[in-house]
Amino acid sequence: MSLFISTAHAAGEAAQQPSMVANLLMIAVFIAIFYFLIWRPQAKRAKEHRSLVESLGVGSEVVFAGGLMGKITKLEGDFAVVELSRGVDVKIQRASVISVLPEGTLNNL
């Protein structure tokens, strides 16, 4: 029986700890995964949304975060006045616009 126990101790002594280089390499791999799968795509989406908001103009047909669609009638700094239907105007933040529709879309609905 003691024959098996001494073998187990011998196997434990033979196992070595990973080197410092292997640990640093593993940390670098995790940082690279985080950068390419999380941070970079989110920055790209933020840049696209920022350019979308900057390109808004009077007459643009938009969909905003509440799911409503309308035509921009006036821009006031960080806000836009959107006409949802004849006589119904709402003031929204420009950042809440999620999509710009092709011109004439609202007339076809």
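The model is predicted, so to speak of local features a pLDDT of at least 70 is needed, side-chain atom pairs count only at pLDDT 80 or more, and totals for chains, interfaces and linings use all residues. Residues are numbered from 1 along each chain as its sequence is written, and side-chain values use heavy atoms, with hydrogens and water left out.

Aromatics come up first. Rings of Phe, Tyr and Trp (its six-membered ring) are taken as a pair if their centres lie within 6.5 Å, with planes under 30 degrees apart called stacked, over 60 edge-to-face and the rest tilted. That rule gives 2 aromatic pairs. In one, Tyr35 and Phe36 have ring centres 4.9 Å apart and planes at 80°, so they sit edge-to-face. The other joins Tyr35 to Trp39, also edge-to-face because the planes stand at 65°, with centres 5.4 Å apart. Tyr35 and Trp39 are 4 residues apart in helix 2 (residues 20-54), which puts about one helical turn between them; helices here are DSSP runs of H or I, at least four residues, and strands are runs of E, at least two, both numbered from the N terminus. As for accessibility (buried is under 20% relative accessible area, exposed over 50%, partly exposed in between, with a 1.4 Å probe and protein chains only), Tyr35 is partly exposed at 33%, Phe36 is partly exposed at 48% and Trp39 is exposed at 53%.

Next, the core. A nonpolar core is a set of buried Ala, Val, Leu, Ile, Met, Phe, Trp, Tyr and Cys residues joined through side-chain atoms within 4.5 Å. The largest one has 9 residues: Leu52, Leu56, Val62, Phe64, Ile72, Ala80, Val82, Ile92 and Val97. Strand 1 (61-64) and strand 3 (79-85) are the elements that give two or more residues to it. Leaving aside residues up to four places away in sequence, Val82 touches Phe64, Gly70, Lys71, Ile72, Val88, Asp89, Val90 and Ile92, a contact being heavy atoms within 4.5 Å.

Finally, there are 2 salt bridges, each a side-chain nitrogen of Lys or Arg within 4 Å of a carboxyl oxygen of Asp or Glu. Glu76 pairs with Lys74 at 3.3 Å, N to O, and with Lys91 at 2.8 Å, N to O. Glu76 belongs to strand 2 (residues 69-76) and Lys91 to strand 4 (residues 88-93), so this pair ties together parts 15 residues apart in sequence. Through shared partners, Lys74, Glu76 and Lys91 form one network. Glu76 is partly exposed at 29%, Lys74 is partly exposed at 44%, and Lys91 is exposed at 54%.
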